[in-house]
Amino acid sequence: MRILFKAFLLFIWLLRSSNNGAYANDNDLSHSHIVSVSSLIPPTVCNRTRTALPQGPGKVSLEVLGRYGPCSKLNQGKSRNTPSLEEILRRDQQRLHLKNSRRLQKAIPDNFKKTKAFTFPAKTGIVAADEYYIVVAIGKPKQYVSLLLDTGSGITWTQCKPCIHCSQQRDPFFDPSKSKTFSKIPCNSTTCKILLEWLPPNGQDKCSSKECPYDISYVDGSGETGFWATDRMTIQEVNGNGYFARYPFLLGCTNSNTGDQNGASGIMGLDRGPVSIISKTNISYFFYCLHSPYGSTGYITFGKPDTVNKKFVKYTPIVTTPEQSEFYHITLTGISVGGERLPLKASYFTKLSTEIDSGTIITRFPAPVYSALRSAFRKRMKKYKMGKGIEDLFDTCYDLSAYKTVVVPKITIHFLGGVDLELDVRGTLVVESVSQVCLGFALLPSDPNSILLGNVQQRGYEVHYDVAGRRLGFGPGNCS
């Protein structure tokens, strides 16, 4: 039935193309998405029936929710609470520069503080551009918190009572006084000494109170402060079958936060750093599926997939060097548009540092890659009318309001080991409206030697993190 439906769509498109002049050669169709324009618009009704959580012994799966979608309790199920695409992209851009300012210890470039498109605030805080979150329990008895998933961060933290200057959140603030298992880490402890060496508060190497200070400050003056503590972390499936608990679990207890998590309680850090949940719980394998349409849900599973599903996963090595050991770096070897490789040598790609990050929305390329990608995409979309760009990020947009069905060239990202990631059409396009449909990639001007693979391009696939095996895989997902 699905094959017949696709054939019917192809017939309708060919019929319409003879009238409106937008057509592709037969040879191009096997390397193209044939899509209904209306299907590109995110739905406004939650649909949980489309996603089945992976189950089985030795694993626990949680529902992953899109923060801005109708299934999100942070959004209260109201699409009108969703910020505009421009606002989401602006936050993503700010998050990128704040992240780099800490990692690289550099000031935010002047040309990003004020641009034609937007003004960079003097104190933006930690901008929560992450789009996906899970619900876990902390303490005994359990207190539920909503944490944004971030493979580009190591710290798991939540806002705690008393919260002096904190952003609004949907869940009640975590109350340490109500947890029987909560314990502050003393300032004079060995654990605190190690933490302060790893993450000195405000550049200092000692604490000034009985608590071990938790303090992340950026060069623009923003950040969050609190203290380090341990408590019980519980991850449990909705049906109660899967269960995972860790005690004591290290977390940051934030009581002053100049950022805005848009209703979330905090962040779950999933990188390979010394304080992440991956390191502190000895999780050797996890995978997630970030849903494409906002109307459905995704999942994250801690534990290995079953044998049947695992055979469909293709792996590429995780690069491990001293300066990259905390993050998930993989090696990109090329990009294809419409079945043709970009005119850039594989040796050029392999020299670039490619990081996969669930917390960054848009994939960003250095200028040579982005220019070649944009040129190849525009060439294959030349029959469609160009539209207005979005912010300073998207300069390749189309007005598709005159069409019911369009043909979009497939984009495939090639990785070391012969792994090919053929992007879903919603991993190729970012849509503000049918008159503003844009190529969903952006330029990374701050670092000419890096690629950042964001969550838009990961949607609809299972992304597997074999931490112990030092490899990352892509496979078919059950959340698209």
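**Notes on the predicted model**

1. Val-430 stands opposite Cys-438 in β24. This should be read with the caution due to a predicted model. The strands concerned, β23 and β24, pair in the antiparallel sense over 4 bridges, and a hairpin of 2 residues joins β23 to β24.

2. On its other side β24, which covers residues 436-439, is joined to β19 by 2 bridges, and these two strands also run antiparallel; here Tyr-398 is the residue that stands opposite Val-437 in β24. Taken together, the strands make an open sheet of 3 strands in the order β19-β24-β23, with antiparallel pairing. The edge strands are β19 (397-398) and β23 (429-433), each of which pairs on one side only.

3. Which residues of helix α5 are buried? In this helix, which spans residues 190-198, they are Cys-192, Leu-195 and Leu-196. Seen down the axis of α5, the buried residues fall within an arc of 95 degrees, and they therefore line one face of the helix. Thr-190, Lys-193, Ile-194 and Glu-197, on the other side of α5, are exposed.

4. The structure holds 14 aromatic pairs. One of them is formed by Phe-286 and Phe-302, a tilted pair with 6.3 Å centre to centre and 35 degrees between the planes. This pair links distant parts of the chain, since Phe-286 lies in strand β11 (residues 285-289) and Phe-302 in strand β12 (residues 298-302), 16 residues apart. Phe-286 is buried, with a relative accessible area of 0%, and Phe-302 is likewise buried, with a value of 6%.

5. A further pair brings in Tyr-288 and Tyr-465, whose ring centres are 5.5 Å apart and whose planes stand at 40 degrees, so that this pair too is tilted. Because Tyr-288 lies in strand β11 and Tyr-465 in strand β27 (residues 461-466), the pair ties together parts that are 177 residues apart in sequence. Tyr-288 is buried, with a relative accessible area of 1%, and Tyr-465 also counts as buried, at 0% relative accessibility.

6. The residues of these two pairs belong to one aromatic cluster, formed by Phe-286, Tyr-288, Phe-302, Tyr-328 and Tyr-465.

Methods
Residues numbered from 1 in each chain as written. Predicted model: local features only at pLDDT ≥ 70, side-chain atom pairs only at ≥ 80, totals over all residues. Heavy atoms only, no water. Buried < 20%, exposed > 50% of the residue type's maximum accessible area, 1.4 Å probe, protein only. Arc of directions from axis to C-beta. Pairing = 2+ DSSP bridges. Phe/Tyr/Trp six-rings, centres within 6.5 Å; stacked < 30°, edge-to-face > 60°.
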